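Please read these notes with the model open beside you. The points go from single residues to the whole chain and back again.

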Amino acid sequence: MGLEREEEEPTKMSKLRYNSPLIQVILIGLVCFCCPGMFNALSGMGGGGQVDHTAANNANTALYTTFAMFGILGGGIYNILGPRLTLLAGCSTYVLYAGSFVNYNHHHSQGFVIAAGALLGVGAGLLWAGQGAIMTSYPTTKRKGSYISMFWSIFNMGGVIGGLIPFILNYNRAEASSVNDGTYIGFMCFMGVGVLLSLCILPPNEVIRNDGSVCAHIKYSNVTTELAEILKLFLNWKMLLIVPAAWGSSFFYTYQFNNVNGELFNLRTRGFNNVFYWGAQMLGSIGIGYLMDFSFQSRRKRGYLGIMVVALLGTAIWGGGLANQLRYSRNNVPEKLDFKDSGAAYAGPFLLYFSFGLLDAMFQSMVYWVIGALADDSETLSRYSGFYKGVQSAGAAVAWQIDVHSVSYLNQLIVNWVLTTVSYPLLLLLIMFGVKDESVNGEQFLEDKNDRLSSLS
């Protein structure tokens, strides 16, 4: 009862305590703001900010290949090492990856960039498994959508700030094709701060909810147990239903970053576009988080509604992407657009890219909400989150190589659209058979809704 009604007790605890779920989710959001948020801004420029996308594409293939393995293993590693060591190891690899592009600017050697990408895949697998466990297990059942949207907003503010870095530092280089060293060094500084912030994350047995309950009483696991539990995930029907959504949820980045933003716009405009792409993600996560927490008393109905809204919006946005794609091809690329000089021709592609960002956040927040609804303990959710990120990364590794092998832009768009569309009915089935509904009367629901709103104010 206390878990469901955090704010009901007369002697309620402050929400702004260091060991509260709210502060801990904010902290993991800031860690991701600094590390994967800046990485997203770097990737969003297309080709890592280089005129030749080959090095970045090959590095991303190496990255997502190791990410696929360590994403799946990451949940087990988190259960053995705990959050601090797991996140510290993960965050450290982001700095090296950004630094490898400084080296590439001067020596044009792909080896270091690819090796740094492979190492980053290991670190990202650890980071995202830990993040998934924290974000889905620290909040109470009725707060998960709100906390996911709050995390996603903080995290994607990293992409907004990260988009400003290349935009400002390359503003007067309208004809430049590759970003300067200062851009990469700026990314490295933010990533270094993320490494330090990872040390502030508390383990779940030290995080106290507002009713005085502990998030989880955990006894750190061992290698044998975790390997056995991870292998079981491949036969878990709930995880199998998530596979298409997981595979598709990073598959579309290659198309959006390289073949829309990287192909249609000049360098400084790519940075400008990314400010709005990641800003749209903040709006999308807030909207879907509210919908999936507050729209109905029934958790299943909230899940059904969220999936249907994302499905309708996704169909409209990918339809707009098709209309845009029919105007150009890999062998017939139009003149690069500039946000200042291209006038009305810039508006349509910009709006499409903005909409892609909106859809990405809504899609991924929706999937995380579904994962969070499948269990409440951090050990199980760390494995579920790791499985999701592992499959997601395997899809991304394939997507980057598809672009390296010059698959047509139109075919890439169609594959992306099909993958996301197939996932919606499977997620509906997962909610129908895998998510338990709560028994809450109307008066309690309204009170809980007001409590949840006030907790984020």
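**Notes on the model**

1. Glutamate 335 is exposed, with a relative accessible area of 71%; exposed means over 50%, buried means under 20%, and partly exposed is in between (1.4 Å probe, protein chains only). Glutamate 335 sits in the loop between helix H11 (299-325) and H12. Helices (H or I, at least four residues) and strands (E, at least two) are DSSP runs, numbered from the N terminus. Between the C-alpha atoms of glutamate 335 and phenylalanine 265 there are 8.3 Å in space, although the two are 70 residues apart in sequence.

2. This is a predicted model, in which local features need pLDDT of at least 70 and side-chain atom pairs count only at pLDDT 80 or more, while totals for chains, interfaces and linings use all residues. Residues are numbered from 1 along each chain as its sequence is written, and side-chain values use heavy atoms, with hydrogens and water left out.

3. The protein chain as a whole comes next. Its secondary structure comes to 15 helices and zero strands. Of the 457 residues in the protein chain, 60% are buried. The chain exposes about 16,500 Å², and carbon and sulfur atoms supply 67% of that area; accessible areas come from the Shrake-Rupley method with a 1.4 Å probe, and for residues only the protein chains shown count as cover.

4. Contact means heavy atoms within 4.5 Å. Take the contacts in the protein chain between residues at least 6 apart in sequence: 85% of these join residues at least 24 apart.

5. Which residues does tryptophan 152 contact, leaving aside its neighbours within four places in sequence? They are Gln281, Ser285, Ala361, Gln364, Ser365 and Tyr368. Tryptophan 152 is found in helix H6, and it counts as buried because its relative accessibility is 2%. Methionine 135 is 17 residues from tryptophan 152 in sequence and 9.9 Å from it in space, C-alpha to C-alpha.

6. Serine 149 is also placed in helix H6 (residues 144-169). Its relative accessibility is 8%, so serine 149 counts as buried. Not counting residues up to four places away in sequence, serine 149 touches Ser285, Ile286 and Gly289.

7. Serine 249 lies in helix H9. With 0% relative accessibility, serine 249 counts as buried. Residues up to four places away in sequence aside, serine 249 touches Asp360, Phe363, Gln364, Tyr388 and Gln392. Serine 249 and valine 367 are 118 residues apart in sequence, yet their C-alpha atoms are 9.3 Å apart in space.

8. Serine 423 is placed in helix H14 and is buried, with a relative accessible area of 0%. Apart from neighbours within four places in sequence, serine 423 is in contact with Pro244, Ala245 and Phe363.

9. Is serine 406 buried, partly exposed or exposed? Serine 406 is partly exposed, because its relative accessible area is 44%. Serine 406 lies in the loop between H13 and helix H14 (409-434). Its phi is near 60°, a positive value in a residue other than glycine.

10. Now the empty space inside. Rolling a probe the size of a water molecule over the atoms shows where empty space is left. On a 1 Å grid over the protein atoms alone, a cavity is a set of points where a 1.4 Å probe fits but cannot get out, and lining residues have an atom within 4 Å of a point. Grid points are joined across faces, edges and corners, and a volume is the space filled by probe spheres set on the points. By this rule there are seven cavities of 30 Å³ or more.

11. The largest cavity holds about 250 Å³ of space. Of the 25 residues that line the largest cavity, Asn40, Tyr64, Trp128, Tyr253 and Lys389 are the closest to its centre. Helices that each supply at least two residues of this lining include helix H2 (36-44), helix H9 (237-264) and helix H13 (378-404).

12. The structure holds zero disulfides; a disulfide is a pair of cysteine sulfur atoms within 2.5 Å. Cysteine 35 is in no disulfide, and the nearest cysteine sulfur, that of cysteine 91, is 3.9 Å away. Cysteine 35 is buried, with a relative accessible area of 0%. Cysteine 91 is likewise buried, at a relative accessible area of 0%.

How values were computed:
On a 1 Å grid over the protein atoms alone, a cavity is a set of points where a 1.4 Å probe fits but cannot get out, and a pocket is an open set with protein on both sides within 12 Å along at least five of seven lines; lining residues have an atom within 4 Å of a point.
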